[in-house]
Amino acid sequence: MIRYECLQRLAAFITDQLVVTSLSGQKIEWAHLSDHDGNLLIGNMGNALGVGLGLALALPHRKVIVLESDGSVLLSLFNLPTLANLRPANLLVFVFDNEVYSGSRISEPTATAGKTDLRKMAEGAGIENAVTVTDVESFERAASEGLTKDELSFVVCKVEETLQHRDIPRTHMPPLENKFRFVRYLERTEGRPILLGRG
C-alpha cells in the first residue's frame, strides 16, 4: 500500500475537518494534496497526537484527523494511554507505518520493522477501536467509518517505504503563517476570537 494513494482517498472526504500532521513524508504529501485552511502542518516529531487530542477536547463538535508516522508515535508513546483514558469521540488517528525513518536520507529502520506492533500497543494502552489496514480499499473504508462514527479511531496503515515525497515541491507557506492561517480558520468557523490583542 502506498501512503500517497491513501492520502488521495482521504483528501476526497475533507470538508470542515481539522487535520494535524507530524513531521514526516505525509506532511509534504498532504500539503501537496490539500490546500485546506484547516490543515495544521506541525514541523516536528512526536507532537501531532498531543495537539490533535487537545483540539478534539477543546472542540468536541468538530472532527479532528491526525496524520502520524511510526517514528513519531514511537517517540511519544505516552500519548497512547492518554488517548485511551480521555477517549475523544471526534478524533480519528492514522499512523502511516513504513517501518523506517524515511524523513532522513538514510532510512534507518524503526522498531516496527522488528517485533513491535503499534496496533497491539494501542490496544494495550486501552484504545478499543484500534485496527491495522494493509490495502487502499481497507484504508478508505476505515476513513469513511472513522469520519462518521462517534468514537475514537486509531488506524495503523502498513505502507511501503516510498521516497516520492522528496520530489514533491515543498509548500511556500512558512510554518508560522500556517499556524496563523489555521487559527484564523478556527476563528472564522467557530465564530469566536482566539488570537487576542489584535486591533
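Guide: Let's begin with a word we will need: a residue counts as buried when its relative accessible area is under 20%. Keep in mind that this is a predicted model. Now find tyrosine 4, which sits in helix H1. Its relative accessible area is 14%, so tyrosine 4 is buried.

Next, look at the partner of this helix. Two packed helices are described by the angle between their axes and the distance between the axes. Here the axes of H1, residues 3-11, and H2, residues 25-33, come within 10 Å and cross at roughly 40°. That angle makes H1 oblique to H2, and their crossing is right-handed. On the H1 side, the contact is made by Arg3, Tyr4, Leu7, Gln8, Leu10 and Ala11. H2 contributes Gly25, Gln26, Glu29, Trp30, His32 and Leu33. Sorted by class, this contact has 6 nonpolar, 4 polar and 2 charged residues. So our buried tyrosine 4 is also one of the residues of H1 that touch H2.

Notes: Residues numbered from 1 in each chain as written. Predicted model: local features only at pLDDT ≥ 70, side-chain atom pairs only at ≥ 80, totals over all residues. Heavy atoms only, no water. Axes fitted to C-alpha atoms, helices over the stretch in contact; angles between N-to-C directions. Helix = DSSP H or I, 4+ residues; strand = E, 2+ residues; numbered from the N terminus. Parallel < 35°, antiparallel > 145°, perpendicular 65-115°, else oblique. Left-handed = near helix turned anticlockwise from the far one by under 90°. Contact = heavy atoms within 4.5 Å. Nonpolar A, V, L, I, M, F, W, Y, C, P; charged D, E, K, R; others polar. Buried < 20%, exposed > 50% of the residue type's maximum accessible area, 1.4 Å probe, protein only.
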